[in-house]
Amino acid sequence: MDPISVMQYATIFMEFASFLTGLFYWKKIKNTTWKWFVVYLGFIVGGELICNYLSTTIYINNVNDIFNYITIPVEFLFLYWLYYQHAINKKTKLLAITCCLLYGLSFAADQYFFQGKRFLFDSFSYCMGNLLLLLLIISFFVEFSKGNEILHFKSSLIFWVSLGSLVFYLGTLPYFGLIHLLYDKHRTIFNYYTYLFFVFDWIMYLLFIIGFIKWKPK
């Protein structure tokens with residue numbers, strides 16, 4: 001088995017581990033909005049397993065369409081919704097709504113204006129979605145640092161989810177932003193960055209697991 005395949009299976013394991021951890025703590029989660037985060041993690045695991053099955057068993061070549069048209073849009077829209085739910089003020093709620101609208105427009109632009117065109121970045125909507133999510137995460141940390149909750153950050157699940165998401169989406173933005181340039185002109189850097197991409201993913205799900213374990217409902 002090649003190294004990339006091993007790392008892909010390790011990623012599925014980390015995703016599944018975070019989902020199982022959420023289920024393990026379901027009793028303290030079920031009456032909060034965080035129950036939907038556990039459902040979201042289950043959706044991610046299910047999507048990964050289905051795509052892996054289709055590509056390795058049935059040998060369907062266009063499984064990336066499942067990620068591009070279903071998994072990735074759901075990821076971004078769910079996380080925008082999550083920050084809307086945990087917004088401290090109306091300004092942050094409005095920012096989350098704006099991010100949803102802008103991402104929707106960027107996704108439509110990908111389908112109607114950029115379809116079949118090759119840019120440096122992987123896709124316009126992914127890069128836009130990534131930047132919008134980073135804006136929400138940074139806004140959250142700014143507001144979080146101003147309140148009393150920062151004194152109890154270890155028991156805040158939104159803190160751990162935000163930290164994990166920041167590590168992954170900030171760490172992989174250059175990878176997806178310059179993916180074709182790296183692949184065409186700097187193949188060695190591309191290969192090493194691909195390994196790093198998986199590491200960022202593992203760190204994110206590990207931080208989710210820590211968040212479930214340390215979280216104390218108010």
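Predicted model: local features only at pLDDT ≥ 70, side-chain atom pairs only at ≥ 80, totals over all residues.

Colleague: Let's begin with H4 and H6: how are they oriented to each other?

Modeller: Helix H4 covers residues 64–85, and its axis lies 10 Å from that of H6 at an angle of about 20 degrees. Angles under 35 degrees count as roughly parallel. So H4 and H6 are roughly parallel to each other.

Colleague: And what is the hand of the crossing where H4 passes H6, and which residues of H4 make the contact?

Modeller: The crossing of H4 past H6 is left-handed. On the H6 side, the contact includes Tyr-126, Gly-129, Leu-136 and Phe-140. The residues of this contact divide into 11 nonpolar, two polar and no charged. From H4, the ones you asked for are Ile-72, Phe-76, Leu-79, Tyr-80 and Tyr-83.

Colleague: How is H5 oriented to H6?

Modeller: Helix H5 spans residues 90–112, and the axes of H5 and H6 come within 8 Å, crossing at roughly 170 degrees. Anything over 145 degrees counts as roughly antiparallel. That angle therefore makes H5 and H6 roughly antiparallel.

Colleague: How many charged residues are in the contact of H5 with H6?

Modeller: Among the H5 residues that meet H6 are Thr-92, Leu-95, Tyr-103 and Asp-110, while H6 brings in residues including Phe-124, Met-128, Ser-139 and Glu-143. By class, this contact has 13 nonpolar and five polar residues, and the charged ones number two.

Colleague: What about H6 and H7: at what angle do they cross?

Modeller: The crossing of H6 and H7 is left-handed. Their contact has 18 nonpolar, five polar and no charged residues. The two axes come within 9 Å, and the angle is roughly 145 degrees.

Colleague: Which elements give two or more residues to the lining of the second largest pocket?

Modeller: The second largest pocket holds about 460 Å³ of space. Its lining has 18 residues, and those nearest the centre are His-86, Glu-149, Ser-156, Trp-215 and Lys-218. The elements giving two or more residues to that lining are helix H6 (124–146) and helix H7 (157–177).

Colleague: Last one: how many residues of each class are in the lining of the second largest pocket?

Modeller: Glu-149 and Lys-218 are among the residues nearest the centre of the second largest pocket. Both Glu and Lys count as charged. Over the lining as a whole, the tally is eight nonpolar, seven polar and three charged.

Definitions and conventions
Residues numbered from 1 in each chain as written. Heavy atoms only, no water. 1 Å grid on protein atoms, 1.4 Å probe; cavity = no way out; pocket = protein on both sides within 12 Å on 5 of 7 lines; lining within 4 Å. Points joined across faces, edges and corners; volume = space filled by probe spheres on them. Helix = DSSP H or I, 4+ residues; strand = E, 2+ residues; numbered from the N terminus. Axes fitted to C-alpha atoms, helices over the stretch in contact; angles between N-to-C directions. Parallel < 35°, antiparallel > 145°, perpendicular 65-115°, else oblique. Left-handed = near helix turned anticlockwise from the far one by under 90°. Contact = heavy atoms within 4.5 Å.
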